[in-house]
Each structure stands twice: as C-alpha cells, then as structure tokens.
Amino acid sequence: MTFSKMTLAVALAGTLALGACTDPGQLVAQPGDPNQKTKNGALIGAASGALLGVLTSNDGDRAEGALKGAVVGGAIGAGVGYSLDKQEADLRQSLGNDVGINNTGDRLIVTLPQDILFATNSTAVEPRMVDDLTALANNVQVYAESTIQVVGHTDSDGEAAFNQQLSEGRASAVSNILLSRGVPASRVQAFGRGESQPIASNLTAEGKAQNRRVEIVILPNA
C-alpha cells in the first residue's frame, strides 16, 4: 500500500465517519431532490462499512479495508435508503395527517402524539387511532425486513416513576395492536422512556404536547 493510497483511504474513512455522526434530524431531503434519502443511506452505509473495514483488517491493510468497506457499505446503504423512500411514501398515503414521519436515510420514525392516542393517564388506545395502527401494521408486513421499536414518552408533569410506568404501558398497548394485526412478535420491541427524552421544552403547553408521544422506529435489518 503506497503512502498516497493510505492517505486517501484514511481521509475517506474520516470524511464518511464525520458524515455518519451528523444528527439524523439534519439528514432531510433537499427541495427538488427526491433521491436525497437514498444518498443519505449510501453515506451512512459507507461510513459504517469504512469503519468495519478498518476494525476487521490487519494493521497493514486497514486503509484498503476502509475503502472496500466504504464501497460495499455505500451500496447496501443506498439500497436501504431507496426502500425506505418507498415505504415512507406508502405510509404517507395510508396514515392520517396527525401522524408524523421522519426518514433519516437509515430508519423511519413514525410519531404519534399521545394526546390523540390516549385519554389522560390512560393506556387504552383511542378507537379512532386503530385504523392508523392497522395501516402501519399492514405496511411493515409488506416491508418485512425490519425491526419495529415502539417507544413511549411523556412530559415532565407528575412523578417520574409514574411517567415511566405510563410510557411503558402505552408502548405496550401500541405494540399489542401491531401484534394483533399480524406483525410477528420477533420483530416488535416495546420500551418506555418516561420523561427522560423530551424533544421540546416542558415549560410550555405546546412543548409538553410534543413530548407526550409514541415513536415507532422502523429499523431495516442489516
């Protein structure tokens, strides 16, 4: 391995790694570029492949391993990004306007505000939301190569221990509907995060409403 090839490989791996560390929320489509999410997936895959190539290669071959890993990982990541674009489009057609969908390029995050999912302090899903959850269950069965994480969140009102228990119960309630609609149990994981992961300020009513949510994270299998 010549010095120039080594330098190029290390520089590439470093650049890709920096790209992979970008906040997923910033990996959004640019106006007029319908392929941006596929590009994001390629970038993430290339960075992961480069890192894996470095870690699994001998000392003298790490730069070459990074290059090979980046190429393979980028191709896989591009395929994942393309599939997620299609799945996102299908979800937007079948889900109501109250449901948020964020495509980061390596996963889909479907956000359901708890104020429309549950009555106050309840873990019983509102009947009007069952159709959306059924549509979601149908979608993830069509796009079957993924793991589904259902994560409950609350605002900071009340005792932290109660909020943790409430978030766990709500995540379980949503996951149970997915299971009842045919999603295999081996693909579904339910977690409660309580008030520990706010996405907005808990000092305002608007912020609290954003923090009360259930996120369904769709993670394509490697």
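## Lining of the second largest pocket

In this predicted model, helix α6 (160–180) contributes three residues to the lining of the second largest pocket, the most of any element; helices here are DSSP runs of H or I with at least four residues, and strands are E runs of at least two, numbered from the N terminus. A pocket is an open set of points on a 1 Å grid over the protein atoms alone where a 1.4 Å probe fits, with protein on both sides within 12 Å along at least five of seven lines, and lining residues have an atom within 4 Å of a point.

The lining comprises 13 residues, among which Thr120, Asn121, Leu166, Arg170 and Arg212 lie nearest the pocket centre. By class, three are nonpolar, five polar and five charged.

Strands count as paired if DSSP finds at least two bridges between them: β3 and β5 (213–220) are antiparallel over eight bridges, with Gln149 facing Val217 of β5 as its bridge partner.

From β3 the chain passes through α6 to β4 in a right-handed β-α-β crossover, that is, clockwise from the first strand over the helix to the second when the strands point away from the viewer.

## Basis of the values

Residues are numbered from 1 along each chain as its sequence is written, and side-chain values use heavy atoms, without hydrogens or water. Local features need pLDDT of at least 70 and side-chain atom pairs count only at pLDDT 80 or more, whereas totals for chains, interfaces and linings use all residues.

Key. Nonpolar A, V, L, I, M, F, W, Y, C, P; charged D, E, K, R; others polar.
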